[in-house]
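The following exercises are to be worked with the sequence and the model at hand. Each task is followed by a solution in steps.

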Amino acid sequence: MPYPSRAPTRAINRRSFIAGSAALGLGGLSGCSTGRSADRLTFLVNHTNQEAQLFQQVIDRFVQSHPRLGIRVQVQNIANGAQFYTKLRTVSVTHDLPDIWYARTLDTAFNVANHWQRSLTDRIRSEPTIEVGDMWPSQVRQMSVGDQQYSLPYDFSCYAIYYNKTMFADAGIPRPDDENWTWPDLFELASAFGHRTGRRQDRWGFYFSLNDWLFDGIFRSNGGTLFSEDGTRVTVGSPNNIDTMRQFIQQLDNGNAPRSQTLGAAVDPFVSGLVAMAVNGSWASKQTRDQIGDRFDWDVLKLPKGSTGRRAVATAGGAWGISADSKNPDACWELITHLSARQQINTFISEPLRGTPGRQSSAADETRMAAKDDQPPHSFGIFAEQLRQDSYPVTYPSFWAEFETIWNNRTSALNAGARPEDVLVQVQQDSSAAARRYLSESGK
C-alpha cells in the first residue's frame, strides 16, 4: 500500500503535538483513554473501507475459533493518512496506543525510538512456524532496529514501469528489453511518444513522481544514497544525486515528461492515456486494472538499471506491530501470527491481486493466480522478481517523517524550474539540522 502523506513528526516524548489534533471528529477515536482491557483489543488500520471489512471478517473468524483467548477485537480504520498518524501521536500521550496497528516499515525506527512497539524477537525465535526465511530479507531489515525485529509482515511494495502496450503497438515500437535497459534508454524511448495539438502538448512519453523513497533507489543505482548506512547523516546533496536529478528534470524541460501543474492534481496520466510509460508501485496494479478496463492494453516492466550497472529497487511495506501499551500482548501475538501467515496474506493480497504480499510463498501463489486470471498486468511477477533480485536492506532513519516533509516541500520547486543542485543541497541542509535536533532530543 502506498505511503500516505502526513503531518511532520518529531520525537514524541520531547515535542508538543499539533494544536487540535485530538478533535478529529472520528467518533470513538479521540485521544481520551478508552478504558481498554485485556479482553478487548483495538486494531487500527489505514486502508479502504472494503479492506477494513475484510480484516474484521478474518479477525472475527479467528476469535470464534480461539475461544480460550476470551477476547473481542475491534477494527478501527482511518483511511486518511494524515489523520491516521495524528491519531497515533495523540493516543501515545495517554499511553493508549491501539493493541495492534498497521506499522509501516518506514516508521519502525521512529516507533522504536518513542517506545511505541514491543520487540518480537524472542517470540519469533521460539516459534519456528513464523518462518522468517519466507519473508523478504529487505522487509525483515526494515521491520528491525539493530538485532531486534518489531513486526510481522503484511505487504511489501516496490516500483516498476507501467507501459501502454496499445500505444507502443500503434507506434510500431516493440516491448523494451527491461532486463538490460538503462534510464537513458527509457528517456530516449519516451521521446518517440510526445504529441502536440497546436501549441499545447497533450501526450508525453514518461511520467514520474518526485517520491523520496523512489529516488533513494534511483540514486543508489547511480552510486548515491539519501542517508549514510547508519542512518545518522543525510547525503542527498551529493554530486551523484544532483547529476541524477538533473537527468530527470531534463525530461520535464524537453517535453518527454509532464510537469505536475500541467496535469492537475486529480489526473492519473497513465490511466488517462496521456503517457506511454509511468513509474508506479505494485500496490497500484488492481486500481489501475479497474480504472482502465478494456480501453487499452498495458503491462509492467522492470525498472531500468543505473550507471552502476545494477537495478536498485526501493522498497517499503506494511506490517503488524504490537503496542507497548497493550494489556494482552500474548493474545496480540497469536492474532498477528495468524494474520501474517501465508493463508491470510493470500486472502488479503494474493487472491485479489492487490499488491505484493509480505511472504515469498504468497508472492509465488499470487504470480500463479495472476497467470490464470488472464488480466493485466500479465507480467505481474516482475514485482516479486525485483524484490528478490534487486532490493537492498535498509532501516529508514528515525527522523524519516521530518526528512519526508522537507523533501516534499523543497522538491516541489523542481516542477517550477528550480535547479536540482540548489534544491538537493537545501534538502540536505534542512534535513541534517532536523536529524541533529531529533537525535539529540532522543538522547542519541
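**Exercise 1: Helix 14**

In this predicted model, helix 14 is followed by Asp 374, whose phi is positive, near 55 degrees.

Task: Identify the buried residues of helix 14 and the helices against which they pack.

Solution. Step 1: Ser 361, Ser 362, Ala 363, Asp 365, Glu 366 and Ala 370 are buried. Step 2: these buried residues pack against helix 13 (342-350) and helix 15 (381-389).

**Exercise 2: The second largest pocket**

Task: Describe the lining of the second largest pocket.

Solution. Step 1: the pocket has a volume of about 370 Å³. Step 2: its lining comprises 22 residues, with Asp 230, Gly 231, Thr 395, Tyr 396 and Pro 397 nearest the centre. Step 3: by class, eleven are nonpolar, five polar and six charged. Step 4: helix 3 (108-113) and helix 8 (212-221) each supply at least two lining residues; helix 3 gives the most, with three.

**Exercise 3: Nonpolar cores**

Task: Which residues touch the most other members of the largest nonpolar core?

Solution. Step 1: among the 90 residues of this core, they are Ile 161, Trp 183, Phe 206, Phe 215, Met 277 and Trp 407. Step 2: a second, separate core has 35 residues, including Ile 59 and Phe 62.

Definitions and conventions: Residues numbered from 1 in each chain as written. Predicted model: local features only at pLDDT ≥ 70, side-chain atom pairs only at ≥ 80, totals over all residues. Heavy atoms only, no water. 1 Å grid on protein atoms, 1.4 Å probe; cavity = no way out; pocket = protein on both sides within 12 Å on 5 of 7 lines; lining within 4 Å. Points joined across faces, edges and corners; volume = space filled by probe spheres on them. Helix = DSSP H or I, 4+ residues; strand = E, 2+ residues; numbered from the N terminus. Nonpolar A, V, L, I, M, F, W, Y, C, P; charged D, E, K, R; others polar. Buried < 20%, exposed > 50% of the residue type's maximum accessible area, 1.4 Å probe, protein only. Contact = heavy atoms within 4.5 Å. Core = buried A, V, L, I, M, F, W, Y, C linked by side-chain atoms within 4.5 Å.
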